[in-house]
Amino acid sequence: MDPEEDMHDARGESSQEEEDFYSEGYPSDGEDEDDDGDDAGYDFVDNDSDDPSTGVRRPQQNYTTLNEENISQRQADDINRVSTVLSIKRWEACVLLRHYNWSVSKVHDEWFADEENVRKTVGLLEKHIEMPNKRELTCGICFENYPRDTMKASPCGHPFCFSCWRGYISTSINDGPGCLMLRCPDPTCKAAVGLDMVDTMASREDREKYARYLRRSYVEDNRKTKWCPAPGCEYAVEFVMGSGSYDVCCKCSYSFCWNCTEEAHRPVDCGTVARWILKNSAESENMNWILANSKPCPKCKRPIEKNQGCMHITCTPPCKFEFCWLCLGPWTEHGERTGGFYACNRYESAKQEGAYDESERRREMAKNSLERYTHYYERWAANQSSRQKALADLQALQNEKLEKLSDRQSQPESQLKFITDAWLQIVECRRVLKWTYAYGFYLHENEHAKRQFFEYLQGDAESGLERLHQCAEKELQVYLEAETPLKDFNDFRTKLAGLTSVTRNYFENLVRALETGLNDVGPSNSQAGSNQAACSKSSSSKSLAPGKSKSGKSRTGGAATNSRSGSSRGMDDSIWTCDSCTCTNPKSNSHCQACDKHR
């Protein structure tokens with residue numbers, strides 16, 4: 001949701017718009033979450049496929065990391081291939097490939113389908129025209145006469161002096177990548193000026209800049225290659241399209257998603273990640289905080305946060321309006337007869353009359369929305385921080401601790417690979433766990449069984465990971481600090497390897513479930529899960545008054561605490577409440593999903 005829409009809601013738009021705003025964590029009815037494209041199964045791969053330099057476990061490699069030399073070589077190979085097949089010069093092949101985004105097959109298809117049209121489109125003349133055979137020629141830019149051997153022309157035959165060619169090419173190169181589509185300086189001519197002219201007439205600095213633009217074009221215009229998005233990284237990645245996982249790990253150690261170029265986020269799809277990142281960076285949560293923790297001045301409407309105990313509020317200059325925090329009325333109307341400085345019975349009576357239902361409802365919705373977002377964001381950020389620390393610990397382990405441990409425990413380093421495997425597993429699991437919190441935030445609120453199943457799998461995975469992380473981080477330290485080999489080191493080996501395997505299984509189950517959209521929870525399972533939730537809800541409220549929740553509010557009303565179940569003045573049109581078990585159900589359901597009673 002855009003920040004402008006959040007501001008719109010905060011300024012008092014209709015109740016329905018506010019309902020939509022505060023429930024923005026849930027996709028609307030009939031709206032499917034964005035698909036990540038080809039959702040092949042994600043595997044926590046065998047140890048042989050690990051890359052110790054990156055600290056990340058990867059699926060089978062379906063990409064190639066390219067440095068500057070690799071890019072130039074592949075580019076030259078494509079140019080030579082087109083030049084050979086079409087029997088044209090290399091610079092002409094380069095112009096063609098540049099026009100068709102470096103797709104060799106596309107060049108061949110278009111060329112053999114209509115060569116004349118292709119030549120006309122890209123500015124390649126079928127027959128090269130020679131300059132007039134005269135002793136002196138007039139430059140078409142400076143209009144000075146020069147000997148013929150000091151003039152140069154593109155295939156169109158328009159002559160220009162060396163100085164004007166250098167100036168024209170240099171200016172075009174300094175203007176940016178548009179120099180790759182250079183045409184004849186004559187304004188009436190569309191003939192292409194290629195790499196051969198640049199190599200002949202440009203300075204060394206300009207030639208290097210032109211070559212750099214050409215390499216960038218090969219990566220940025222080619223649908224099979226992308227730059228690594230890590231800051232300062234100069235590697236590119238060539239990806240095999242339609243080959244499964246989009247996770248890519250560059251040689252610089254940065255892992256990212258090929259599809260959206262954000263950091264690697266399997267098993268969460270790219271659409272969910274985009275919405276989560278936008279929400280984290282947008283102003284929506286600032287507005288939620290303002291709504292939840294402040295009130296507007298009744299006169300100038302600026303938000304005010306109460307920082308003292310007294311209900312007597314004075315707005316900041318130049319407004320300086322004095323009012324009551326409880327009822328927002330002028331302070332001049334307050335005194336001993338209204339309850340004194342710390343209590344305003346006018347507000348209590350007015351609230352009973354319904355005068356403040358709307359503002360209270362909006363404030364409660366904002367508070368609930370903020371608390372819910374904070375819950376998921378804190379855990380998302382905590383796992384990100386833990387993953388960064390685990391990467392640093394893995395690097396330290398590989399650089400120094402393994403050698404130290406090998407000396408202290410009299411074990412060859414090749415026998416200590418189980419420790420590296422454990423840390424690799426921790427790093428990958430922290431990444432997966434982090435993104436499951438973004439997934440949970442956008443999980444439909446009314447899909448109770450799916451949420452229960454998701455939280456069950458997430459809880460198992462998280463508890464397993466914590467056990468593994470603690471063992472690898474703290475128990476390992478005992479053996480690093482030991483002066484002599486300890487007899488129970490083999491027991492430690494067995495324990496750590498076992499925890500690694502168990503944790504991998506937990507996360508495999510979690511990843512598999514999320515990538516299939518928790519489809520293991522079918523209609524029958526959904527009903528059973530909802531029934532279980534309903535029974536739990538019923539048993540936990542036996543000691544309460546009939547029709548009341550633990551907070552003392554009516555289950556069917558939900559006036560302030562549950563924005564999705566309507567208010568005391570009317571229910572939300574998108575849901576209905578079962579008279580039998582008081583569960584809320586989508587409007588599209590004709591039967592209660594908990595007790596199966598007809599609507």
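**View 1. The surroundings of Ala-472 in a predicted model.** Leaving aside residues up to four places away in sequence, Ala-472 touches Trp-423, Ile-426 and Leu-496, where contact means heavy atoms within 4.5 Å. This is a predicted model, in which local features need pLDDT of at least 70 and side-chain atom pairs count only at pLDDT 80 or more, while totals for chains, interfaces and linings use all residues. Residues are numbered from 1 along each chain as its sequence is written, and side-chain values use heavy atoms, with hydrogens and water left out. Ala-472 lies in helix H15 (residues 448-481); helices (H or I, at least four residues) and strands (E, at least two) are DSSP runs, numbered from the N terminus. Ala-472 is buried, with a relative accessible area of 1%, given that buried means under 20% relative accessible area, exposed over 50%, and partly exposed in between (1.4 Å probe, protein chains only). Although Ala-472 and Trp-423 are 49 residues apart along the chain, their C-alpha atoms are separated by 7.2 Å.

**View 2. The packing of helix H14 and helix H16.** Two packed helices are described by the angle between their axes and the distance between the axes. The axes of H14 (residues 417-441) and H16 (residues 489-515) come within 10 Å and cross at roughly 30°, which makes H14 roughly parallel to H16. Here axes are lines fitted to C-alpha atoms, for helices over the stretch in contact, and angles run from 0 to 180 degrees between N-to-C directions; angles under 35 degrees count as roughly parallel, over 145 as roughly antiparallel, 65 to 115 as roughly perpendicular and the rest as oblique. The residues that meet include Ala-422, Cys-429 and Leu-433 in H14, and Phe-492, Leu-496 and Phe-507 in H16. By class, this contact of H14 with H16 has 14 nonpolar, four polar and three charged residues, where Ala, Val, Leu, Ile, Met, Phe, Trp, Tyr, Cys and Pro count as nonpolar, Asp, Glu, Lys and Arg as charged, and the others, Gly among them, as polar.

**View 3. The packing of helix H7 and helix H9.** Helix H7 (residues 162-174) packs with helix H9 (residues 204-220) at an angle of about 45°, and their axes are 10 Å apart, which makes H7 oblique to H9. On the H7 side the contact is made by Ser-170, Ile-173 and Asn-174, and on the H9 side by Asp-206, Lys-209, Tyr-210 and Tyr-213. Sorted by class, the contact of H7 with H9 has three nonpolar, two polar and two charged residues.
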